[in-house]
Amino acid sequence: MLRLGTTVLGVADVDRAMRFWSEALGLAEDPEWASESWRTLAHPGGAHALGLMRSESPAEPKPRLHLDLYTDTADEQRAEVERLVGLGAQRVDWAHYPPEPDFVVLADPDDNLFCVVDLSNAPSGS
């Protein structure tokens, strides 16, 4: 049976990406899969969460696939955006925001875009 495995981000600097995403998401490196061009980050229980693969291609300016990171409130969203910027993320001047966005677009240290979503502002309200 086919099942979805690990989401993989292409990065220029695998070690830097590992430090950023480990701290950002509270993940730990799974050393079994580590190499010069690959790191696997796992949840504390051991389940794989994110793969980091060295890539020589640049990050896409408007990627078709990206990560959404969830918060429960607008205050939590603001705090997490500030924390992630402190870890090395960059604010993105995103020209495609809707009138009342429930998300903030950031870029990781390798310029991969991702969103921090306030679920309390989502259309479903949860």
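**Salt bridges and sheet edges**

Me: What makes Arg39 and Asp15 a salt bridge?
Reply: The closest N and O atoms of Arg39 and Asp15 are 2.6 Å apart. The cut-off is 4 Å between a side-chain nitrogen of Lys or Arg and a carboxyl oxygen of Asp or Glu, so the pair passes. Keep in mind that this is a predicted model.

Me: And what does that pair tie together?
Reply: Arg39 sits in strand 3 (residues 38–42) and Asp15 in helix 1 (residues 14–25), so the bridge links parts that are 24 residues apart in sequence. There's also a network of salt bridges linking Asp15, Glu29 and Arg39.

Me: Why is Arg39 called buried?
Reply: Its relative accessibility is 11%, and buried means under 20%, so Arg39 gets that label.

Me: Which label does Asp15 get, then?
Reply: Asp15 has a relative accessible area of 36%. Exposed needs over 50% and buried needs under 20%, so Asp15 lands in between, as partly exposed.

Me: How do you know that Asp75 and Arg78 form a salt bridge?
Reply: Their closest N and O atoms are 2.2 Å apart, which is within 4 Å, so they count. Asp75 and Arg78 are three residues apart in helix 2, so about one helical turn separates them.

Me: Is Asp75 buried or exposed?
Reply: Asp75 has 55% relative accessibility.

Me: How many salt bridges turn up in the whole structure?
Reply: A search finds six.

Me: Switching to the sheet: in what order do its strands run?
Reply: Four strands form an open sheet in the order 5-8-7-6, with mixed pairing. Strand 5 (67–71) and strand 6 (90–91) are at the edges because each has a single partner strand, so one side of each has no neighbour in the sheet.

Me: How do you know that strand 6 pairs with strand 7?
Reply: Two bridges join strand 6 to strand 7 (residues 103–107). Pairing takes at least two bridges, so strands 6 and 7 qualify. They run antiparallel, and Arg91 stands opposite Leu106 in strand 7.

Notes:
Residues are numbered from 1 along each chain as its sequence is written. This is a predicted model: local features need pLDDT of at least 70, side-chain atom pairs count only at pLDDT 80 or more; totals for chains, interfaces and linings use all residues. Side-chain values use heavy atoms; hydrogens and water are left out. Buried means under 20% relative accessible area, exposed over 50%, partly exposed in between (1.4 Å probe, protein chains only).
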